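Welcome, and thanks for taking a look. Here is a short briefing to read alongside the model.

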Amino acid sequence: MLRFRLMVKTGTAGKSPMHQPRILVADDSRTIRALVRRTLAAAGYDVTLACTGKEAVELARRDQPHLVILDIQMPEMDGYAACDKILAMQDRCRDLPIIFLTKETAKHLAALGSELGAYLQKPIGDETLLTTVRSLLPANSVPGCEEAL
């Protein structure tokens, strides 16, 4: 009889893509999308990118992300409308955190962000982004954290 010992390290190497938290990032800036994707993917998240609010809604329907990061000013459909449509399609028992990542500064954005998830102003540092994402996802879905058995 052969015996095998399977050792799995938590974090990026230990999680299969189906167990990685899915994050949808919607921003019309190619640079912002690339920077956010690089930061999140390096931390072990499965990242999907959208260029417009309309595309974000379609991808949210298809991929059912665990968290959404939205720019406010995007072509075809702005972040506010995309947020409304994405939240309308989610199960009522499931909370879907939304992070608004935008250049805009307004008191209503801070209030809206705290209601739905977070509001971060561009430019954003990698650590601030990761800290915010981790704070909004359940501990057992964050790469590097042990899952409950």
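Threonine 39 sits in helix α1, which spans residues 30-42; helices (H or I, at least four residues) and strands (E, at least two) are DSSP runs, numbered from the N terminus. Please keep in mind that this is a predicted model, where local features need pLDDT of at least 70, side-chain atom pairs count only at pLDDT 80 or more, and totals for chains, interfaces and linings use all residues. Residues are numbered from 1 along each chain as its sequence is written, and side-chain values use heavy atoms, with hydrogens and water left out.

**The chain overall**

- The protein chain holds 5 helices and 5 strands, and from the N terminus on its elements run β-α-β-α-β-α-β-α-β-α.
- Of its 149 residues, 41% count as buried (buried means under 20% relative accessible area, exposed over 50%, partly exposed in between, with a 1.4 Å probe and protein chains only).
- Among contacts (heavy atoms within 4.5 Å) with a separation of 6 or more, 61% link residues 24 or more positions apart.
- The accessible surface of the protein chain is about 9000 Å², and 53% of that belongs to carbon and sulfur atoms; the areas come from the Shrake-Rupley method with a 1.4 Å probe, and for residues only the protein chains shown count as cover.

**Threonine 39 and its surroundings**

- Threonine 39 has a relative accessible area of 7%, so this residue is buried.
- Its side chain joins that of aspartate 126 through a polar contact of 2.9 Å (a pair of N or O atoms within 3.5 Å; within protein, one must be able to donate a hydrogen and the other to accept it, and residues adjacent in sequence count only if both atoms are side-chain atoms).
- A polar atom of the threonine 39 side chain also lies 3.0 Å from the backbone oxygen of leucine 35.
- With neighbours within four places in sequence left aside, threonine 39 is in contact with Asp126, Leu129 and Leu130.

**How α1 meets α5**

- The axes of α1 and helix α5 (residues 126-136) come within 10 Å and cross at roughly 60°, which means that α1 is oblique to α5.
- Axes here are lines fitted to C-alpha atoms, for helices over the stretch in contact, and angles run from 0 to 180 degrees between N-to-C directions; angles under 35 degrees count as roughly parallel, over 145 as roughly antiparallel, 65 to 115 as roughly perpendicular and the rest as oblique.
- Val36, Arg38, Thr39 and Leu40 of α1 make the contact with Asp126, Leu129, Leu130 and Val133 of α5.

- In helix α2 (residues 53-63), the buried residues are Gly53, Ala56, Val57, Leu59, Ala60 and Asp63.
- Their cover includes β1 (22-26), β2 (46-50), β3 (67-70) and α3 (79-89).
- Alanine 82 is placed in helix α3 and counts as buried because its relative accessibility is 0%.
- Beyond neighbours within four places in sequence, alanine 82 is in contact with Gly53, Val57, Leu70 and Met77.
- Glutamine 64 follows α2 and has a positive phi, near 45°.
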